[in-house]
Amino acid sequence: MEKSHRRHGQELEDAILKAAWQVMQKIGYAKMTMDDIARAAHTNKNTIYRRWENKFELLKDVTLEYRPFKEFFSELKQPDNGNLRGDLIGLMCEPFPLIKIIGTVNLKAMIHDYFPEASQNSAFILHDTFIQKYLNNILLQAFKRGEIKKDPKKIDETIKSLPTLLMISRIISEQKYDRQFVTFLVDQIILPILKNL
């Protein structure tokens, strides 16, 4: 225990991130507390609160820094199937490994923690994601091919948020989010909207 108190900086932060991931895997995000994480990291709760305001902010950093997530994000690539439908399906299937790593129940609890704190200026869920970044490029390519009539720059952000919002709604409902469901969303909701703008 004495040795753990001498940890500082990146070494201590890494230990906390690792502990948070392990605790979440063991008891789930909804049940875990900062006390649980502190015990697992062999540190005290105040040390964690000096760096993270709450467990959501801590777990958000886990998804950016911890190895399983780094590997996921390093392997991401923008779908390029030569047509809008294929690209949208590919894009909405990209999160499958991430959902599997974190778990639907944990994601649902994290989403519930996020939205009460969200403000109009907060971009983490709806705008600052790989889905939104790739979607803009996909729509631009579709516009250039003549598959959609409206310039993506003029498409309302609410419409461009649909893939993310539909995925979130499925996770919150704890129903299966798979390729069959993604294909249904693309064919029945997203494509018809985009092509009728």
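Helix 7 and helix 13 are oblique to each other, an angle class left over once under 35 degrees is called roughly parallel, over 145 roughly antiparallel and 65 to 115 roughly perpendicular. This is a predicted model, in which local features need pLDDT of at least 70 and side-chain atom pairs count only at pLDDT 80 or more, while totals for chains, interfaces and linings use all residues. Residues are numbered from 1 along each chain as its sequence is written, and side-chain values use heavy atoms, leaving out hydrogens and water.

**The chain as a whole**

- The protein chain has 13 helices and 0 strands, where helices (H or I, at least four residues) and strands (E, at least two) are DSSP runs numbered from the N terminus.
- Of its 197 residues, 45% count as buried, meaning under 20% relative accessible area with a 1.4 Å probe, protein chains only.
- Looking at contacts (heavy atoms within 4.5 Å), 71% of those between residues at least 6 apart in sequence join residues at least 24 apart.

**Confidence**

- Mean pLDDT, the predictor's confidence in each residue from 0 to 100, is 85 for the protein chain, and 88% of residues reach 70 or more.
- Over residues 119-124 pLDDT stays under 50, and the model has 6 contacts there beyond four places in sequence.

**Helix 7 with helix 13**

- Helix 7 (residues 84-93) and helix 13 (residues 179-195) cross at roughly 130°, and their axes come within 9 Å; axes are lines fitted to C-alpha atoms, for helices over the stretch in contact, and angles run from 0 to 180 degrees between N-to-C directions.
- The contact of helix 7 with helix 13 has 11 nonpolar, 1 polar and 3 charged residues, with Ala, Val, Leu, Ile, Met, Phe, Trp, Tyr, Cys and Pro counted as nonpolar, Asp, Glu, Lys and Arg as charged, and the others, Gly among them, as polar.

- Helix 2 (residues 9-27) packs with helix 5 (residues 55-65) at about 105°, their axes 9 Å apart.
- That angle makes helix 2 roughly perpendicular to helix 5.
- I16, L17, A20, W21 and M24 of helix 2 meet L58, L59, D61, V62 and E65 of helix 5.
- This contact of helix 2 with helix 5 comprises 8 nonpolar, no polar and 2 charged residues.
- In helix 3 (residues 34-41), M34, D36, I37, A38 and A41 are buried, and the buried residues of helix 3 pack against helix 2, helix 4 (45-51) and helix 5.

Notes: Buried means under 20% relative accessible area, exposed over 50%, partly exposed in between (1.4 Å probe, protein chains only).
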